[in-house]
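Open the model in your viewer and keep the selection tool ready.

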Amino acid sequence: MSQMPQQAAVSKCPSCEEPLESGDRFCGACGYDLSAVPPRPDDRPDVAVGGAVPAPAPAPDGVDWPAARDSDGQGRPVPVHAAAELPGTDSGGAPLPPPPAAPPAPPSAGVRFDRPGEPEEYPLQAPDPRLNSTAAPLPEAAAPAPGAKVCVACRAGRVDDDGYCENCGHAQPRERDHMEQESGPVAAVSDRGLRHHRNEDAFSVGCTALPDGAPASVAIVCDGVSSATRPDDASLAASRAAGESLLTALPRGTHPQQAMHDAILAASHAVNALADEPATAREQGPHQNAPACTLVGAVVTAGLLVVGWVGDSRVYWVPADRATPPARLTEDDSWAAQMVAAGLMSEAEAYADDRAHAITGWLGADAYELEPHTASFKPDRPGVVVVCTDGLWNYAESAEEMADAMPLDAASRPLHGARVLVGHALDGGGHDNVTVALVPFPAVPQGAGSA
């Protein structure tokens, strides 16, 4: 490859290395007297092609330069000695002790062997939840205030408004993902299931006394309509309103069937109120349906069983004597039920259709017409009333299947029985939210409950 020609090197000032002009006696840059010291000799000897080094040229200007200390006087460097090869003395003239022997070099394997040992475990940045019993307490400023929600992981940090621990950052389970409640002899369990991202079911259970002092048990179960706006809020509002209505009306002497009818109307008003949103909210979701849910409930007294419903949640009767046949006490407000009632399809054909679970009745501002259904029964033997959403009865549709899934001791241990039924639905696939309440019949006086 061709290269650009280069100019011959110009002599430089021995003091500042600036270029000099021919005939200069002083450096134009630093004023150095060029006549005091001869110019620096070129110490790069020319090497012949054969590799022989020519004899050193005589010193210019007749100066006899002394031989360098690192040579043998003939231009060859002297041998290099290590410090351990030369004897030495200390300040008193005594010979120095020999230096310690160098450690043997490790075998060359591409890995360093002189690294310090590493610990088997590294300290965690956040407290280990497994060690919460011995974990050091948080500083006083970070300790949760009295009544504040505490992290389920580290058991020390306060949970912020977003549902995360301020100490370890652990996301907290949502309260409605799994709910259990026991009120006297009545118990209910609700679970998010295995497929839904939130729990849109809700329930309300309680016990009260009639004017004559006889006990009465109440259970309400609601299922939010997923295609509607805020279905979880709808089910929660409906269950609370219906439960409070029943527990207020029954002690006043209102007939249980009339009290159930009024409770469904109260629940409807509570859900309708959720549709009264600001105009800005309606503008952001103009095509969304109003909040909606289904409702099913039961009132149990010493000799009367009253059920009420709107939608496709159900009530089953399971006698304590399993030799006696169980029964379903409600009729679905659904497309499949209408087909069966009209004689157009058999029950098996209707519920196998993709439209089977399309509901024809619900609570909500956009409901066509509210028709609360109520019915009264007088069982002649003890048993258990099962109040549930379709998240359970999808896996135990017939009354016989529901009775087979329920434990034999459900009347004396209703909370345990409700847990077993929810587990049955989860084991079956848990495709929907699962909620069930168990109410023993006849009503048990307050103070009795699960064993």
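Select R198 and E200 to begin: their side chains meet in a salt bridge, 3.1 Å from N to O. A salt bridge here is a side-chain nitrogen of Lys or Arg within 4 Å of a carboxyl oxygen of Asp or Glu. R198 is partly exposed at 25% relative accessible area, while E200 is buried at 4%. Buried means under 20% relative accessible area, exposed over 50%, and partly exposed in between (1.4 Å probe, protein chains only).

This is a predicted model: local features need pLDDT of at least 70 and side-chain atom pairs count only at pLDDT 80 or more, whereas totals for chains, interfaces and linings use all residues. Residues are numbered from 1 along each chain as its sequence is written, and side-chain values use heavy atoms, leaving out hydrogens and water.

Next, select E166 and R158. Their salt bridge has its closest N and O atoms 2.4 Å apart. E166 is partly exposed at 49%, and R158 is partly exposed at 30%. The whole structure holds 13 salt bridges.

Now select M402. Among the residues that M402 touches are V386, C388, W393 and L421 (heavy atoms within 4.5 Å), not counting residues up to four places away in sequence. Of these, C388 is buried, with 0% relative accessible area.
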